[in-house]
Amino acid sequence: MSGKMLKVAVTRKLPGEVEARLADLFDAQLRDSDEPLSPGALLAMAKDADVLAPTLGDRLDAEFFAGVGDRLRLIANFGAGVDHIDVKAANARGITVTNTPSVLAEDAADMAMALILAVPRRLVEGVRALESGAFEGWSPTWMLGRRVRGKKLGIIGLGRVGEAIARRARAFGISIHYHNRRPINPHVEEELEATYWESLDQMLARVDIVSVNCPHTPATYHLLSKRHLELMQPHAYVVNISRGEIIDENALADLIEQGRLAGAGLDVFEREQSPNPKLTRAPNVVLLPHMASATIESRLEMGERVIINIKMFADGHKPPDRIIPGLNQRVAPSPPIS
Ligand code: DGY
């Protein structure tokens, strides 16, 4: 089918350049508003399109696929995570699902590294102290954080993002440990001088900072459970830029409150817009509003990946970023997936 014949429905406002190119290449249905669609409006939009370009926050569950009809052939997700899409249900209806991997890995890794530095070094606490007038001048004993050099970073899910974080952490003198289903490519492991832990329990008990970088799937829901968090050392920190559901947030908040964990840097929460109030109150926790990949460059490149996937599909080829359940949706992925 020629691109112009292909009806592409886009669920959220995208950067102007991306929308212009979509309109140029396809029969694109774009949104004026940035409000998420209601489930009913999402279904109505999808029923009338050959391709749907949804994003995080659009819920494409089994019920959606049961009602979507026969026209929809491709879901070209704007984003790397596809935990809001029931990929098996889509595939069962012959609908292909794609995402936008790789292009946001470096920006996301920058933000993870920022949290890895910000929490032990009490960066946000310092800013708040200055802004609130609590700073009374330098003191040998005031605002002491913990040195990051020489610490051990345990990465859960060393895929693209995890590897990009590992490279940055190495430059700060941090040693790399990781838990995946399988060890990564031995050349990369050697280059990173990374230690593989088949047992998550054993890794958690030994590292100083844990970075969560696996995708959220039914198998990774609360992977960092209360039991797992309790295995960590009291001076250890947790950083999560992946998905909130991977950590038992309540247990994390309790352990931090009780001083059984040293702090956390979180970009994502179990309930996207309402982090656990204990976390909001804790001075040793840095919370961000899901902005790890939020750069102009990454959003433009994500748009370009969406377009490439749709174009390949329109030209009768397999889109390059197809999601294959069980293959690139593992518990703790081996590269190149993250
Ligand atoms: C993704 O692409 O899944 C990110 O979480 C959005 O920034």
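Start by selecting Glu-193: this residue is exposed, with a relative accessible area of 55%. Exposed means over 50% relative accessible area, buried under 20%, and partly exposed in between, using a 1.4 Å probe and protein chains only. This is a predicted model: local features need pLDDT of at least 70, side-chain atom pairs count only at pLDDT 80 or more, and totals for chains, interfaces and linings use all residues. Residues are numbered from 1 along each chain as its sequence is written, and side-chain values use heavy atoms, with hydrogens and water left out.

**Two positive phi values**

Stay on Glu-193. Its phi is near 50°, a positive value in a residue other than glycine. Glu-193 sits in the loop between helix H8 (186-192) and E8. Helices (H or I, at least four residues) and strands (E, at least two) are DSSP runs, numbered from the N terminus.

Next, select Met-143. Phi of Met-143 is near 60°, again positive in a residue other than glycine. Look for Met-143 in the loop between helix H6 (123-132) and strand E6 (152-156). Met-143 counts as partly exposed because its relative accessibility is 21%.

**The seven-stranded sheet**

Show the strands E6 to E12. Seven strands form an open sheet in the order E8-E7-E6-E9-E10-E11-E12, with parallel pairing. Strand E8 (195-196) and strand E12 (285-287) are the edges, each pairing on one side only. Two strands pair if DSSP finds at least two bridges between them.

Zoom in on strand E10 (residues 237-240) and strand E11 (residues 263-266). They run parallel and are joined by four bridges. Asn-240 stands opposite Leu-266 in E11.

**Strand E1 and its partners**

Move to strand E1 (residues 7-10). Lys-7 and Ala-9 point one way, Val-8 and Val-10 the other way, and all are buried. E1 pairs with strand E2 (residues 27-29) in the parallel sense over three bridges. The bridge partner of Val-8 in E2 is Ala-28. Now trace the chain from E1 through H1 to E2: this β-α-β crossover is right-handed. That is, with the strands pointing away from the viewer, the path from the first strand over the helix to the second runs clockwise.

E1 and E3 run parallel, joined by three bridges. Here the bridge partner of Val-8 is Val-51.

**Glu-19 in helix H1**

Select Glu-19, in helix H1 (residues 16-25). Glu-19 counts as buried because its relative accessibility is 10%. Show contacts, meaning heavy atoms within 4.5 Å. Not counting residues up to four places away in sequence, Glu-19 touches Arg-12, Lys-13, Leu-14, Leu-30 and Arg-31. A polar atom of the Glu-19 side chain lies 3.0 Å from the backbone nitrogen of Leu-14. A polar contact is a pair of N or O atoms within 3.5 Å; within protein, one must be able to donate a hydrogen and the other to accept it, and residues adjacent in sequence count only if both atoms are side-chain atoms.

**The ligand**

Finish at the ligand. Leu-56, Gly-79, Ala-80, Gly-81, Leu-104, Arg-243, His-290 and Ser-293 surround the ligand, each with a heavy atom within 4 Å of it. Pick out these distances:

- Ser-293: a polar side-chain atom is 2.5 Å from a ligand oxygen atom.
- Ala-80: a polar backbone atom is 2.6 Å from a ligand oxygen atom.
- His-290: an N or O atom in the side chain is 2.9 Å from a ligand oxygen atom.

Taken alone the ligand exposes 240 Å², and the protein buries 87% of that. Accessible areas come from the Shrake-Rupley method with a 1.4 Å probe; for residues, only the protein chains shown count as cover.
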